[in-house]
Amino acid sequence: MDIESAKIIGMALAVGLGVIGPGIGIGLVVGKALEAMGRNPEASGQIQTTMFIGVAFTEALAIFALVIGFILKYS
Amino acid sequence: MSGLHITLAAEELFSIWGLPVTNTLLTVWVVIALLLLAGYLVGRRVRLIPGKVQNAFEMLFEFVFNYIEETLGSRALAERFFPLIVTLFLFIFAANLFEFLPFVESIGIRHGEEFIPLLRSANTDLNVTLALALIVFLTIEITGVVVLGFLKYWSKFVNLKGGVLGFLIGLIEFVSNLARLISFSFRLFGNIFAGGILIAVAVAFVPLLLPVPIMLFETFVGLIQAAIFSLLTLAFIKIAITEPHGH
């Protein structure tokens, strides 16, 4: 296997495996937020804001996987 | 897959005094011009008794303003940050929708074998999203310093009172603050770029009917990403002006 194909496989693996965790994580965050909103609809505004921050932190990990993929491909 | 044309970097159209003018840069200017035009048309005849259009815009902006005021907890702060947050939202949303106009990415010039589109969706260029992320990042940090004071704001990151654990948490806080630059820019870039590729693949494989629901979904993604970008700006400003714990 030459280095080019190894890079492409590495990139695909990094991104593909890297988004599994954040995918589960975002599911948990949003699920719990919906649960909380169902229990206490008056607080939905605040829950939503906090949920978006949580989603952003979780999603940042998937973005790091993407960045690593780019670094692998273009270096 | 020979028909698929995917380029990561924006293509250079021409250069002015050595400064390259790319197609995404051109799109950004067109979007800015459209927004200015819309602003002029809506704000041209502002009356005390609003008409239908003015009423709709006022309701929309009032809703957003109330949300910002509720989150930041003060009317003065809301008045200060409302223009920035709404401008970010409007620009990103308009740039994302602009991608779906018929002449974008289809009219261009030919350089030998290569086809270079004249206009290309602005947020598929990392430079654009990184510039937006830099604006947001600087705003957040400067706001934190101005509202809390330099020493108090930095005591969030260099925490000497909380022992080893406190110091480590401060360090993590510092790194995650810097990582916002990456996550802000790559989130927007990745979503819009991936959407463009998804549509290109759908057009290449099943040109009949299939691209339509995907494009509908991508307009939705464009709205969501614009909302997320501005909401996160708001949330991080809120975090930056909150007093540090443990005092």
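Predicted model: local features only at pLDDT ≥ 70, side-chain atom pairs only at ≥ 80, totals over all residues.
**Chain A**

Let's begin with chain A, whose secondary structure amounts to 3 helices and 0 strands. Read from the N terminus, its elements follow the order α-α-α. The overall dimensions of the chain are gathered here.

| Property of chain A | Value |
|---|---|
| Radius of gyration | 17 Å |
| C-alpha span along the principal axes | about 60 × 15 × 10 Å |

Of the 75 residues in chain A, 12% are buried. Contacts across the sequence are worth a look too: among those between residues at least 6 apart, 81% join residues at least 24 apart.

A:Lys7 gives a handy close-up. This lysine sits in helix α1 (residues 3-18) of chain A. A:Lys7 counts as partly exposed because it has 15 C-beta neighbours inside 10 Å. Leaving out residues up to four places away in sequence, A:Lys7 touches A:Leu72 and A:Lys73. The C-alpha atom of A:Lys7 is also 9.0 Å from that of A:Tyr74, although 67 residues separate the two along the chain.

**Helix α3 of chain B**

Over in chain B, helix α3 (residues 75-98) has 24 residues. From first C-alpha to last it reaches 33 Å, close to the 34 Å expected at 1.5 Å a residue. The helix does bend, by about 40 degrees at B:Phe81, and the proline B:Pro83 follows within four residues.

Several residues of α3(B) are buried, including B:Phe81, B:Ile85, B:Leu88, B:Ile92 and B:Asn96. An α-helix has 3.6 residues a turn, so residues three or four places apart point the same way. The buried residues of α3(B) pack against α1 (23-43), α2 (52-72), α4 (126-148), α6 (163-205) and α7 (211-240) of chain B.

**The core and the interface**

The largest nonpolar core holds 38 residues, and B:Ile92 and B:Phe229 have the most contacts inside it. At least two residues of this core come from each of α3 (44-73) of chain A and α1, α3, α4, α6 and α7 of chain B. Setting aside neighbours within four places in sequence, B:Ile92 is in contact with B:Asn123, B:Leu188, B:Gln225, B:Ala226 and B:Phe229.

Where the chains meet, 10 residues of chain A are in contact with 12 residues of chain B. On the chain A side, the residues touching chain B comprise 7 nonpolar, 2 polar and 1 charged.

Key: Residues numbered from 1 in each chain as written. Chains lettered and ligands numbered in written order. Expected span 1.5 Å × (residues − 1). Bend = angle between axes of the 7 residues up to and from the residue. Buried ≥ 20, exposed ≤ 12 C-beta atoms within 10 Å, placed from the backbone. Contact = placed C-beta atoms within 7 Å. Core = buried A, V, L, I, M, F, W, Y, C linked by C-beta atoms within 7 Å. Nonpolar A, V, L, I, M, F, W, Y, C, P; charged D, E, K, R; others polar. Rg over C-alpha atoms; globule rule 2.2 N^0.38 Å.
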